[in-house]
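Dear colleague,

Please find the structure below, handed over for your use. My notes on what was found in it come after.

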Amino acid sequence: MPRWSDYTTGARIKILRGRDIRQTDLAEMTRLSLQTIQQAEQDKRLTLQTLLKIADALKVDTSVVLGQQAPRRAMQQDDRAMMRALSRAVHDTAAGLLPESITAPSLDTLTESTNHCWDLYWKGHYIEAGALAAPLLTEAAARLHAQSVDGQAQAWGVVADAYRLAGYVSNLMGSRDLAYAAIGHAQHAAEKAVDDLRVALVMSGRSWVYLRDARLPEALKLAEKSAVDIEPRFSRATTEQLVAYGSHVNFAAVVASRIGDKDLAGAFLSQSHATGARMGGEHRAHGTLFGPVTATTQAVGINNALGLTGKALTLIHDIKPRHEEVLSGAARQRYAMDKAMAQADAKMWDASLDTLEAALLEAPNWAKHQAMPSVIMQKVGKASTARLRRVSELIGVAPGVSSFPPATSKTAL
């Protein structure tokens, strides 16, 4: 596949325009003539003014049009518009720049909005979550500015949650620089909130950014610290504390598995299962869901990464449809990817593609932002040609590459 910089500027404009936007549409969006658009796509003439208008209409930086930076993988027009608005919200609020017309909602209202955004995120509706995260962040910053001194700690907590959500969406969308910026601002806000649990949540989020950036040793160090820092006494731990600890220790197991440390991954996994057993069911808190089913389904991916395919298949055998029903949409689809990976590693080619195809059809908008389907396809080499072609079309990776290094089974999460 050619690199993004290998295309001409005209070809890049045509690719970014995609099938949904015709040349006449782009001319109307930019208020340029159709001839000007045609000349730009034919590499005959592209003035600075034309470049700026086209980039603005397509919701990308001029550097993307010029080939200096690759577009994010699988991003359509709406995706790019969302990321642009989210980027502006992150950077403007960090600089203290707020719209003059902004009103500051109550802390209770902001908490409800935050919970709604997290619900969308865990259902796998990343574009919707990101689209709401931008105004949420602006409103949270406005609340902080309007808040009396004695209530600022709580307001800082809401701001930390909004930045963390922005960081998570950016990380999934492949916008590494924005993910780092948002998670950095979230850390500052969490510390201002004087909330150890929020600090640990942000630390775990940064670990995930490191993981996606293939910085595995640093990811492991942060994941381990974030889990240890909030380890509760089981005898008197609240459900909220157990959700936070269980999700953190489970992620630490994930990172340890990606680095190939079986003993450490096993130790964390043991704690994850113990926490889930203590909870007795799935519970939601602090923008995450955890319980015994989450611990078990995520153990499938952990064993995959460690090369323990037999253990992964044994776990899959014991996970029934009724168990999957209690998971969030994103967690259920993630488990399907891990299941397909285990089947591919076991050379169960057709079963793997059946699992993958079902997941892609059930949640296409979720799947297009995942790297794992492509990794699975690289492993499946002896399935029917028709089936391979069909699943490849469902994955539909756009030309160009992500700003992250190519995903592997170690970093695709």
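This is a predicted model: local features need pLDDT of at least 70, side-chain atom pairs count only at pLDDT 80 or more; totals for chains, interfaces and linings use all residues.

Residues are numbered from 1 along each chain as its sequence is written, and side-chain values use heavy atoms, with hydrogens and water left out.

The secondary structure of the chain consists of 22 helices and two strands (DSSP runs, H or I of at least four residues for helices and E of at least two for strands, numbered from the N terminus). The chain has a radius of gyration of 22 Å, close to the 22 Å given by the globule rule for 413 residues, so it is as compact as a globular protein of that length (taken over C-alpha atoms; the rule is 2.2 Å times the number of residues to the power 0.38). Its C-alpha atoms fill a box of roughly 70 × 65 × 35 Å along the principal axes.

Helix α2 (residues 23-30) packs against helix α3 (residues 34-41) at an angle of about 115°, their axes lying 8 Å apart (axes are lines fitted to C-alpha atoms over the stretch in contact, and angles run from 0 to 180 degrees between N-to-C directions). Where do the two helices meet? Gln-23, Thr-24, Leu-26, Ala-27 and Thr-30 in α2 are in contact with Leu-34, Ile-37, Gln-38 and Glu-41 in α3 (heavy atoms within 4.5 Å).

With kind regards
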